[in-house]
2 protein chains.
Amino acid sequence: MAQKRNIIVGQSGGPTSVINSSLAGVYKTAKERGFDKVYGMLHGVQGLLDEKYVDLSTQIHTNMDIEVLKRTPSAFLGSCRYKLPEIHENPEIYEKIFQILDNLDIEAFIYIGGNDSMDTIKKLSDYAIVKGHSQKFLGVPKTIDNDLALTDHTPGYGSAAKYIATSTKEIIRDALGLSYNKENITIMEIMGRNAGWLTAATALAKTEECEGPDLIYLPEITFDIDKFLTTVQNIMKKKQNVVIAVSEGIKLADGRYVCELSGGADYVDAFGHKQLQGTATYLANFLGSQIGCKTRAVEFSTLQRCASHMASRTDINEAFMVGGAAVKAADEGDTGKMVVIDRVSDDPYQSSAGIYDVHRIANNEKLVPREWVNKDGNNMTEDFINYVKPLIQGDFQPFMVNGLPEHLVLNM
Amino acid sequence: MAQKRNIIVGQSGGPTSVINSSLAGVYKTAKERGFDKVYGMLHGVQGLLDEKYVDLSTQIHTNMDIEVLKRTPSAFLGSCRYKLPEIHENPEIYEKIFQILDNLDIEAFIYIGGNDSMDTIKKLSDYAIVKGHSQKFLGVPKTIDNDLALTDHTPGYGSAAKYIATSTKEIIRDALGLSYNKENITIMEIMGRNAGWLTAATALAKTEECEGPDLIYLPEITFDIDKFLTTVQNIMKKKQNVVIAVSEGIKLADGRYVCELSGGADYVDAFGHKQLQGTATYLANFLGSQIGCKTRAVEFSTLQRCASHMASRTDINEAFMVGGAAVKAADEGDTGKMVVIDRVSDDPYQSSAGIYDVHRIANNEKLVPREWVNKDGNNMTEDFINYVKPLIQGDFQPFMVNGLPEHLVLNM
C-alpha cells in the first residue's frame with residue numbers, strides 16, 4: 001500500500017472576508033494534486049494541540065460548496081491567537097505537534113494568517129529541519145491590515161478597502177444630505193494599530209461625483225491635536241460638512257494613543273496588543289466642545305473585516321490563488337516559506353504568486369510609505385490611489401437565499 | 001397660454017437608502033402625467049423659505065440618471081429637521097410659503113419624510129383649505145424606523161433591515177470564528193429610539209446555517225439590567241460565544257435610557273429628541289466587569305440608514321411606487337393625505353399603494369406589538385419574521401464604477 005499523502009490547513013489571527021477563499025484554494029489544489037486527505041485544524045495550532053481537526057471532505061461536497069465557502073466571512077475552521085513558545089523554552093509542545101502530524105500522515109502543513117502566524121510557520125519549519133522531520137510548512141498571507149512585508153499587498157485588504165471606500169461614499173452622501181445651514185462634522189474610525197492602510201482606503205471615495213474625506217489621519221504620522229483643530233476650523237470657513245477619517249491607532253507625540261485620552265485601550269490581547277476603541281468618539285467630543293457644532297462618530301468596527309457582501313473579486317481570486325500556490329510549493333518540496341502576491345503590471349492590473357523565506361517576513365510590519373501621504377500629513381497622494389485602486393476591482397456577489405447572503409458553516 | 005402645471009417635491013428628516021427612489025417615482029410620474037416643471041426644494045421646507053429650489057430637469061436627463069438616483073443613499077435634494085410653527089403662532093411663515101408656491105405656479109406639493117414631515121403636510125393642507133389656496137399637499141412615507149401608523153411598513157425599513165440582518169450574519173460568523181476556548185460577548189447597537197423594528201430585524205439572521213442573535217432587546221420592553229446579566233450567564237453555561245442585539249433606546253424601569261448610565265444622551269435635536277449613543281459600549285463594559293470575559297460593542301450607527309449597496313429590491317420598488325402614487329393622488333385632487341403601503345398578500349408577497357388622511361397619521365408612533373416579542377421579552381416570534389421577511393427580498397445591485405457604487409449628486 002502506498003504511503004498516505006495528507007495535508008493539514010489552519011486559520012489564525014483576525015478573520016477577513018476572504019480567508020475562506022484561501023482555504024478553498026488549498027482544498028481544491030490539494031485534491032487536484034493528488035493529496036489523499038485534506039484536514040482542517042479547528043482553531044489553528046491551539047485546537048490542533050487538543051487534536052481538534054476535521055476531514056474537509058466531510059464539509060465540502062460540491063463545487064457549489066467551494067463557491068459558497070469563498071463567499072463566507074471569518075475563519076470557517078475557527079481561528080486562534082496562539083503564539084508558539086520559542087523551541088528551547090518548551091520543546092514538548094513541538095514534540096506533541098509533530099506526533100499529531102505523524103499520526104495523521106501529514107506531508108504538508110499550511111497556515112493562513114498574518115504576521116503572528118508566519119512566526120508559527122518559521123518555528124515549526126525550523127524545528128522540522130533541526131529534528132529531521134519531513135513535513136513541509138507553508139504560510140498563506142491573510143490580513144485586512146495589509147501590514148505584511150515583501151508581498152505587494154495581503155489577501156483581505158482589497159475587500160476591506162472596498163467596503164470602507166463604499167461606506168465612506170455613503171456616509172459622505174448622508175452627511176451632505178443632512179440639516180440645512182448647520183455645521184456638521186463626521187469622524188470615521190477605521191481599524192489599524194500601527195499601519196494606516198485601511199484608513200488610507202477612505203481616499204478611494206474621492207471620485208467624479210464625490211469629494212472624498214476632507215482629512216485622513218494615519219498612525220504613521222504623529223497626531224497633533226492643536227494642529228488638527230486649526231485645520232478643521234480652516235476647512236469650516238469654506239464648507240459646512242466636514243468628513244474625517246482616523247485610524248484607531250493614531251498617536252500623540254508623547255506616544256499615547258488618542259483613544260487613551262478618554263480612558264480606552266485597557267484590554268491587552270495574548271500578543272500584548274492594546275485593544276483600541278473610542279478615538280473617533282473622543283475627537284468628535286473634542287471638536288464639538290471647541291467648535292460648538294454637531295459632531296458624530298462612526299466606528300466601522302468589526303464590520304470592516306467581515307463584510308463579505310462587499311468583497312472585491314480581485315481579492316477573492318488572489319486569496320484563492322495564494323492558497324493553491326502554497327499547496328503547490330509544499331508539493332514541490334518548499335518549506336519555511338510564505339506565498340506572496342507579486343504585482344506584474346498596473347494597467348491592466350495583473351498579479352502572480354511569488355514565494356519568500358518566512359524568516360524574511362515574520363514580525364516586520366509594513367507601514368504606509370511617507371511619500372504616499374501628502375505634505376501636511378492629512379490626506380493620500382495619487383501614487384497611493386494608483387496602488388490601491390486595482391485591489392478593489394470587480395464584484396463577487398453573495399449567493400442570496402431568502403434575501404440574505406448564504407454562508408458555508410462547519411457541520412460537526 | 002394654458003395655465004402652468006408645476007409640482008414641487010422635498011425631502012425631510014433622517015435620510016434612508018431609498019428616499020431617492022421615492023423622489024425618482026415623483027419625478028417620473030409627474031412627467032408622465034403632464035406636469036410642466038418638477039421643482040425640488042433644497043433642504044425641504046427650510047430651504048424653500050429661503051427660495052432654494054432646483055428645476056429637476058437640470059439634474060435628471062436620462063432614464064439611466066433615474067436608475068442611478070434610485071441607487072443613491074441620503075436625500076439627493078438635501079434634508080432638514082424643521083418643524084413648522086402652529087398656524088396661529090406665525091401666520092407670516094405660511095403666507096411666505098404660499099407666496100413662493102404661487103410664484104412658481106405650483107399645483108402640488110409632495111413631501112417625503114417621517115412623522116415630523118407628515119405634520120408639515122397636515123399644517124400646510126389645513127392652511128390651504130382655510131385660506132382657499134388650491135395647492136394639493138401629499139405626504140410620502142420614509143423612515144428606516146418603520147414607526148409610522150396605518151402603513152403596513154415604511155419605505156426605507158426593508159433596506160435597513162436587509163443591511164442589519166446581513167451584517168448580523170457576518171458578525172455572528174466573525175464571533176464564532178474567533179479565539180478558541182475563550183468566552184466572548186458581542187453586543188450590537190441598532191438605531192431605534194422608541195420603536196424596535198430595526199433591532200428586531202437582527203432576528204432575520206437566524207437561518208438554516210446561522211443561529212441568529214442569542215438575545216434581542218427592544219425599547220418597547222423595559223430593560224432590567226440584573227435580569228439581563230442572569231440571562232447572559234445562563235446562556236454562557238451552554239455556549240462560549242454570545243451575540244446580543246440592543247436598541248439604542250432601551251430604557252430602565254425608572255425611565256432612564258441605558259446609555260444615560262454612561263453619561264451619553266446629552267445632545268437634543270430640534271424636535272426635542274435626545275441623541276442616543278453608547279448603549280452597547282456601556283453594556284459590554286458592564287458584562288465584561290461582571291463576567292470577566294472579553295466583550296465588544298459594535299454600533300451599526302449611520303451605516304444602517306445609508307447602505308444603499310445592500311438595498312432591498314422590494315423596498316426600492318415600493319419607495320418608487322409611493323412617490324408615484326402621491327403625484328397621482330394630487331393630480332386627482334387629493335390633499336392632506338399620506339400615501340401608505342397596503343400588504344395585499346403574504347405569499348406570494350404583494351403590496352399596493354393606499355392613501356390616508358394625514359390627520360390620522362401625524363405624530364403617532366407605531367411600536368412593535370408585544371405579541372411579536374417572545375414571553376421573556378428578549379427575542380422575536382415567528383409572526384414577526386413572517387411580517388418582515390418579504391420586505392428584504394430581492395437585490396438592487398449598485399452600478400459599479402471603478403469598483404465603487406455610483407451615485408447621482410446635485411449639480412449646481
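This is a predicted model: local features need pLDDT of at least 70, side-chain atom pairs count only at pLDDT 80 or more; totals for chains, interfaces and linings use all residues.

Residues are numbered from 1 along each chain as its sequence is written, chains are lettered from A and ligands numbered from 1 in the order in which they are written, and side-chain values use heavy atoms, with hydrogens and water left out.

**Entry 1: helix α4 of chain A**

I took helices (H or I, at least four residues) and strands (E, at least two) as DSSP runs numbered from the N terminus, and the expected span of a helix as 1.5 Å times one less than its number of residues.

I then looked up burial, where buried means under 20% relative accessible area, exposed over 50% and partly exposed in between, with a 1.4 Å probe and protein chains only. The buried residues in α4(A) are Ile93(A), Tyr94(A), Ile97(A), Phe98(A), Ile100(A) and Leu101(A). Seen down the helix axis, the buried residues of α4(A) fall within an arc of 155°, so they line one face; the arc is that of the directions from the helix axis to the C-beta atoms. I noted beside this that an α-helix has 3.6 residues a turn, so residues three or four places apart point the same way.

Contact here means heavy atoms within 4.5 Å, and the cover over the buried residues of α4(A) includes β1 (6-11), α2 (44-49), β4 (106-113), α5 (115-131) and β5 (136-141) of chain A. After α4(A) comes Asp105(A), which has a positive phi, near 55°.

Tyr94(A), which sits in α4(A), is buried with a relative accessible area of 0%. Leaving aside neighbours within four places in sequence, Tyr94(A) has contacts that include Leu84(A), Pro85(A), Lys123(A) and Tyr127(A), and its C-alpha atom is 9.1 Å from that of Lys123(A), 29 residues away along the chain.

**Entry 2: where the chains meet**

I found 63 residues of chain A in contact with 63 residues of chain B. The two chains bury about 5400 Å² between them, 56% of it on carbon and sulfur atoms, buried area being the accessible area (1.4 Å probe) that two parts lose on being put together, summed over both. Glu170(A), Tyr180(A) and Leu404(A) supply 14% of the area that chain A buries against chain B, more than any other three residues.

The rule finds two salt bridges across this interface, a salt bridge being a side-chain nitrogen of Lys or Arg within 4 Å of a carboxyl oxygen of Asp or Glu. Asp174(A) forms a salt bridge with Arg305(B), with the closest N and O atoms 2.8 Å apart. On the side of chain A that touches chain B, the largest share, eleven residues, comes from α6(A).

His43(B) lies in the loop between β2 (38-41) and α2 (44-49) of chain B and counts as buried at 16% relative accessibility. Not counting residues up to four places away in sequence, His43(B) touches residues of chain A including Leu178(A) and Tyr180(A), and a polar atom of the His43(B) side chain lies 3.0 Å from the backbone oxygen of Leu178(A).

Which residue does the side chain of Thr186(B) meet in a polar contact? The partner is the side chain of Arg296(B), at 2.9 Å; a polar contact is a pair of N or O atoms within 3.5 Å, where within protein one must be able to donate a hydrogen and the other to accept it, and residues adjacent in sequence count only if both atoms are side-chain atoms. Thr186(B) belongs to strand β6 (residues 184-190) of chain B and is buried, with a relative accessible area of 0%.

Asn6(B), in strand β1 (residues 6-11) of chain B, counts as buried at 2% relative accessibility. The side chain of Asn6(B) reaches the backbone oxygen of Leu104(B) at 2.8 Å, and these two residues, 98 apart in sequence, are 7.3 Å apart in space, C-alpha to C-alpha.
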